[in-house]
Structures are given as structure tokens and as C-alpha cells.
2 protein chains.
Amino acid sequence: MPDPHQKELVQRIVKNMLDIQLLRILQANPLWGYMIKKKIETNFKIKLRHGALYPTLNSLERKGFLKSQKQTHEGRARKIYTITNAGKEYLQSYYNIIKDQLENKDLQ
Amino acid sequence: MPDPHQKELVQRIVKNMLDIQLLRILQANPLWGYMIKKKIETNFKIKLRHGALYPTLNSLERKGFLKSQKQTHEGRARKIYTITNAGKEYLQSYYNIIKDQLENKDLQ
DNA sequence: TACAATATGTCCTTTATTGGACATATCTTA
DNA sequence: TAAGATATGTCCAATAAAGGACATATTGTA
């Protein structure tokens, strides 16, 4: 039996830190929104509204953390997102913080 | 020069995961609200409204993650919070998730 | 030909959160 | 004695976020 709190916590983290999770996915591979949605839903076993995803992707692009290029694949127009160096730096800042939390579990 | 994103990210994490940060602090030592506020403000170098802190502490107690006992110290009434086993388990679930994020940085 | 899947977007009403104020009480210091 | 620090709480109007619908287009399948 898995951890009873885990699902609730994962849901909170993905909801509040959606941009970070998107950067994590795109640091592995450039992808388009629809595929990112599928990936989050299968990986985290949660629902993700596309009405929340697409504005977040556009916002990350406006901030310079992602860049996009339009492609047409089998008649379907896809917007492929790639992480930028600024995006990688932002993600690394997040990793630094949670690394610190793990190394210093009891906040003195 | 420190990381320019760090302050913004720390603020987001403390805001969205305030309960987790409270459990982290109380896992180290039982403390009262006012002292917790000071600790968060000096540790994270951010402001924390007591109007946000006290309801969160009460909520954690209702969930069984904290227990409290009233003390009077030099005429001041303090409500000392101690983390429960359930609280420790919840915090450990959080650590498990961020540990996984660090070990699996690129979400495949 | 209708329905499901792929693909990306916006809009709007409802719900949740925020910041700041209101409230009360004691102790210490100027 | 007034102001600042310690200590804990609530309340509410303004703001932000969420869920779900609306919108459009193509492809594949029953």
C-alpha cells in the first residue's frame, strides 16, 4: 500500500509548482502541450486541465524560460517547446532550495 | 552575488507549503507561534503575517499533525506546538517527493 | 457521418486566498 | 505613561485562482 499522503502532496506540488514541473519535463525533451499534459497525467496520476496548461506554457515563454516553434505533424499543428538557458537556471534554483531542505531537514 | 531567482522561489514555497515549513521547524523543537514567525522571517528573509500563521497552526492541530499545550512564561501566555507522529509522517511524505525530484531531475 | 482523439487557445462565473485591520492582554523600556 | 515588543486570535473587502464551458481545426475509426 502506498503512502496515503503522497497523492495529496503530489497534487499540491504540481498545482502550485506547475511551471517547475513543465521545466523538468522539457529539460528532458522538447515537447508540445498536449503531450506534456499526457505525461503529467500518467507520471503523477492526476488530472491536468488544458485550460491551465496552455496559459502557463505561454507565460513561461514570455518570461524567456521556454522558446517554441510551430510544427505540422500528420496534419496536426504542434507547438514544440524547448527550455532555454534562463529556464535551466530557474529550475536549478528550485533544485538548490529542495536540496537544502533535504540536507537540513530540521529547521533550526 | 546570490541567485536572483532564489528569493522569489523561497517566497513561493513558504507561501504554498507553509504547513510543511511549520512541521520542519517543529520537528527540530517545540515552539510557539510568535517564535515560529520570527524564525521563518530570519531563516528565509521574508515577511510572514501572523494572520496567516495562526490559522495554519490551528488547522495543523485539527488534522492531528500538531498538538499544543498552553504555558505562561513571564506573564505571557504561550501556546507551545509539538509535532505528532502523524505530522512526522506527513513531513516524511514531502521529503520523499522532493528526494524523488532530485534523483530524477529530468522527468522522462 | 458521427464520435473520439489530437491540438491549442480563450472566457467567465464561482470559489479561494490575501493583506490589512480590528481585538485583547502583558511586559519592558524610554 | 506612552510606545514598542511579546503573544494569539478573528474578520472582511479586494484580489487571485479554479473549474468548466466555449471555440476551432484535423485525423482516425466505428
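**Interface and DNA contacts in the predicted model**

In this predicted model, the contact between the two protein chains takes 39 residues from chain B and 39 residues from chain A. Together, chain B and chain A bury about 3,800 Å². Carbon and sulfur atoms carry 57% of that area. Three residues stand out on the chain B side: B:Arg24, B:Gln101 and B:Leu107. They supply 19% of the area that chain B buries against chain A, more than any other three residues.

Polar pairing across the interface was counted next. Between chain B and chain A there are 20 residue pairs in polar contact, with both residues at pLDDT 80 or more. On chain B, the elements that give two or more residues to the side touching chain A are helix H1 (6-16), helix H2 (18-28), H3 and helix H5 (85-103). H5(B) gives the largest share of that side, with 12 residues. By class, the side of chain B that touches chain A has 16 nonpolar, 13 polar and 10 charged residues.

Salt bridges were then examined. Over all chains the count comes to 6 salt bridges. Across the interface of chain B and chain A, 2 salt bridges are found. One salt bridge brings together the side chains of B:Arg12 and A:Asp19, at 2.8 Å from N to O. B:Arg12 lies in helix H1 of chain B and A:Asp19 lies in helix H2 (residues 18-28) of chain A, so the pair joins two chains. In general, side chains of opposite charge can pair when their charged atoms come close.

Chain A contains an open sheet of 3 strands. The strand order is S1-S3-S2, and the pairing is antiparallel. Strand S1 (31-32) and strand S2 (66-73) of chain A are the edge strands, each pairing on one side only. S2(A) pairs with strand S3 (residues 76-83) of chain A over 8 bridges, in the antiparallel sense. Within this pairing, A:His73 has A:Arg76 in S3(A) as its bridge partner. Strand S3 of chain A also takes part in the surface near DNA strand C.

Around DNA strand C there are 17 residues. Those that come nearest are A:Tyr34, A:His50, A:Arg78, A:Lys79 and B:Arg49. Of the atoms of DNA strand C that come within 4 Å of the protein, sugar and phosphate account for 59%. A backbone N or O atom of A:Gly33 lies 3.3 Å from a phosphate oxygen of DNA strand C. At A:Ala77, a backbone N or O atom lies 3.4 Å from a sugar or linking oxygen of DNA strand C. Helix H3 (33-44), helix H4 (50-62) and S3 of chain A each give two or more residues to the surface near DNA strand C. S3(A) provides the largest share, 5 residues. The residues of this surface divide into 5 nonpolar, 4 polar and 8 charged.

Of the 17 residues around DNA strand D, A:Arg49, B:Tyr34, B:His50, B:Arg78 and B:Lys79 come nearest. Among the atoms of DNA strand D within 4 Å of the protein, 59% belong to sugar or phosphate, and the rest belong to bases. Helix H3 (33-44), helix H4 (50-62) and strand S3 (76-83) of chain B each supply at least two residues of the surface near DNA strand D. The largest share, 5 residues, comes from S3(B). The surface near DNA strand D has 5 nonpolar, 4 polar and 8 charged residues.

How values were computed. Residues are numbered from 1 along each chain as its sequence is written. Chains are lettered from A and ligands numbered from 1 in the order in which they are written. This is a predicted model: local features need pLDDT of at least 70, side-chain atom pairs count only at pLDDT 80 or more; totals for chains, interfaces and linings use all residues. Side-chain values use heavy atoms; hydrogens and water are left out. A residue is near a molecule or strand if one of its heavy atoms lies within 4 Å of it. Helices (H or I, at least four residues) and strands (E, at least two) are DSSP runs, numbered from the N terminus. Ala, Val, Leu, Ile, Met, Phe, Trp, Tyr, Cys and Pro count as nonpolar, Asp, Glu, Lys and Arg as charged, and the others, Gly among them, as polar. Contact means heavy atoms within 4.5 Å. Buried area is the accessible area (1.4 Å probe) that two parts lose on being put together, summed over both. A salt bridge is a side-chain nitrogen of Lys or Arg within 4 Å of a carboxyl oxygen of Asp or Glu. A polar contact is a pair of N or O atoms within 3.5 Å; within protein, one must be able to donate a hydrogen and the other to accept it, and residues adjacent in sequence count only if both atoms are side-chain atoms. Two strands pair if DSSP finds at least two bridges between them.
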